[in-house]
Amino acid sequence: MGLTFIAIKPDGVHRGLVGEIIARFEKRGLKLCALKVVVPEKAIAEKHYEEHAGKPFYPGLVDYLCSGPIVAMVWSGKDVVAVTRKMIGATKPAQSEPGTIRGDLALDMGRNVIHGSDSDDSAQREIKLWFKEEEVCSKYVKADRMWVYE
Ligand code: DAT
Ligand code: MG
């Protein structure tokens, strides 16, 4: 089973959306492997978004991520990157479908509540950036496994 890195951004924490968002991933059947609340250091946020370095919105994006606590998580499951990206919805909230996290909970691209890795490679990179190896509990078998998977 694959792993992905998910972060509820500072706006999601301040707006009290943490429980609502985690509940969606739990109900989908995904397995929680790591979770912490952290105010990102600027250097980590810059690395996290390094693919966007040099773009006009990059400094504001980094400042936004560092502006308060985030909930950093690792989730596991079948096709977890694709499944969570779909659940998160499009980057621009006006284009995110109702039923998605951004489509239900966000209005502004600069306050779009949540981050999710966009590929297995970026998931590996981001998990390593935010968590120590021993903080990620990916080995346990979830009690409902046989009822979630054929
Ligand atoms: P996503 O968060 O859906 O993976 P992304 O990786 O393309 O989107 O961009 C990272 C974040 O940067 C995104 O959540 C919001 C912001 N962003 C992206 N494109 C932007 C733009 N053209 N103007 C302002 N902010 C932008
Ligand atoms: Mg992205």
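This tour moves from ligand 1 to the residues around it and then to the annotated span.

The model is predicted, so that local features need pLDDT of at least 70 and side-chain atom pairs count only at pLDDT 80 or more, while totals for chains, interfaces and linings use all residues. Residues are numbered from 1 along each chain as its sequence is written, and side-chain values use heavy atoms, with hydrogens and water left out.

Select ligand 1 and display the residues that have a heavy atom within 4 Å of it: Lys-9, Tyr-49, His-52, Phe-57, Leu-61, Arg-85, Thr-91, Arg-102, Met-109 and Asn-112 surround the ligand. By class, this shell holds 4 nonpolar, 3 polar and 3 charged residues, where Asp, Glu, Lys and Arg count as charged.

Next, select the side chain of His-52, where an N or O atom is 3.0 Å from an oxygen atom of ligand 1. Moving on to Arg-85, an N or O atom of the side chain lies 2.8 Å from a ligand oxygen, and the side chain of Asn-112 likewise places an N or O atom 2.8 Å from an oxygen of the ligand. Taken alone, ligand 1 exposes 510 Å², of which the protein buries 75% (Shrake-Rupley method, 1.4 Å probe).

Keep Arg-85 selected and extend to residues 80-88, which form helix H5 (a DSSP run of H or I, at least four residues).

Now colour Lys-9, Phe-57, Arg-85, Thr-91, Arg-102 and Asn-112, which an unreviewed UniProt entry annotates as "binding site"; such annotations may be inferred rather than shown by experiment.

Finally, select residues 1-138, listed by UniProt (unreviewed entry) as "domain: Nucleoside diphosphate kinase-like"; the end C-alpha atoms of this span lie 9 Å apart, and the span is 41% helix and 19% strand (strands being DSSP runs of E, at least two residues).

Key
Chains are lettered from A and ligands numbered from 1 in the order in which they are written. A polar contact is a pair of N or O atoms within 3.5 Å; within protein, one must be able to donate a hydrogen and the other to accept it, and residues adjacent in sequence count only if both atoms are side-chain atoms.
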